[in-house]
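Q: Please take a close look at one strand in this model. Which strands does it pair with, and how well is it covered?

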Amino acid sequence: MSHAAAPFALLPGAEESPVILHVPHSARGIPADVRAGILLDDTGLDRELDHITDAHTDVLADLAAQAATALPWRFVNRLSRLVVDPERFPDEREEMLAVGMGAVYTRTTHRRALRPAGFDPQPLIGRYFRPYARAMTEAVAGRLAATGRAVVLDVHSYPTARLPYELHGEGPRPPVCLGTDPFHTPRGLLDRAREAFAEFGGTEVDSPFSGTYVPLAHYGADSRVAALMVEIRRDTYMAEPGGAAGPGLTRLASALAAVVDAVS
């Protein structure tokens, strides 16, 4: 589970593109010293990674980027969300702390112990979470400086069956869930995404997952930053859990490219 590469990467797009495809949960890499603090044996960890990883979403974003008229920028996490989850609040604002899944997880998807009781998350937050947040903030600032706006498309996937950690999993589980923010998701962006993904059997807004990623420096303060979370149900493109991608991946990438083109 070791991982020697950089913990994240900003992959440049066209200078005129305001779009950043944000891929936070596609990787499985865990540095050896971080792995040492995880209680699961190797078999258990592999199983947990199968459930928690948004497998192939980095490939999805890459295919969409190449298909778009103007190449969007991509910000890709190269480490597993079991190291840190860059999309959580790093403090008591995070509701997922209730199930041990704040910025640093202490529980698994099945609510078993992942890290020891009393584990201090601050070293991991300082080493991984804050540099990631700074780099993503700078990426958004770069799009604002170049184009006057930024559009963050947050690329995720989710399991067909509800997992025990989900706090709000009782609602519909459509082929594509579109997560929104009341300040940062304009109606036009949501409508374009609904149109692009309609062919897959329907979309729902904020079910079973809600919200979308905006760097805290811009969150609720800068209306030039638009954002939408695209949560794709995994059976539409891959074998669950943790299996190979299928032909649905290419079709979904074309739909995501259509969203990129519509908002570029």
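A: Two strands pair if DSSP finds at least two bridges between them. Strands (E, at least two residues) are DSSP runs, numbered from the N terminus. This is a predicted model, in which local features need pLDDT of at least 70 and side-chain atom pairs count only at pLDDT 80 or more, while totals for chains, interfaces and linings use all residues. Residues are numbered from 1 along each chain as its sequence is written, and side-chain values use heavy atoms, with hydrogens and water left out.

The part in question is strand 7, residues 225-233. Strand 5 runs antiparallel to strand 7, with 4 bridges between them. Gly-179 stands opposite Met-229 of strand 7.

As for cover, 9 of the 9 residues in strand 7 are buried, where buried means under 20% relative accessible area, exposed over 50%, and partly exposed in between (1.4 Å probe, protein chains only). In a regular strand the side chains alternate between the two faces of the sheet. Both faces of strand 7 are covered: one side holds Val-225, Ala-227, Met-229, Glu-231 and Arg-233, the other Ala-226, Leu-228, Val-230 and Ile-232, and all are buried.

The loop between strand 4 (150-158) and strand 5 (176-179) contains Leu-167. Leu-167 counts as partly exposed because its relative accessibility is 29%.
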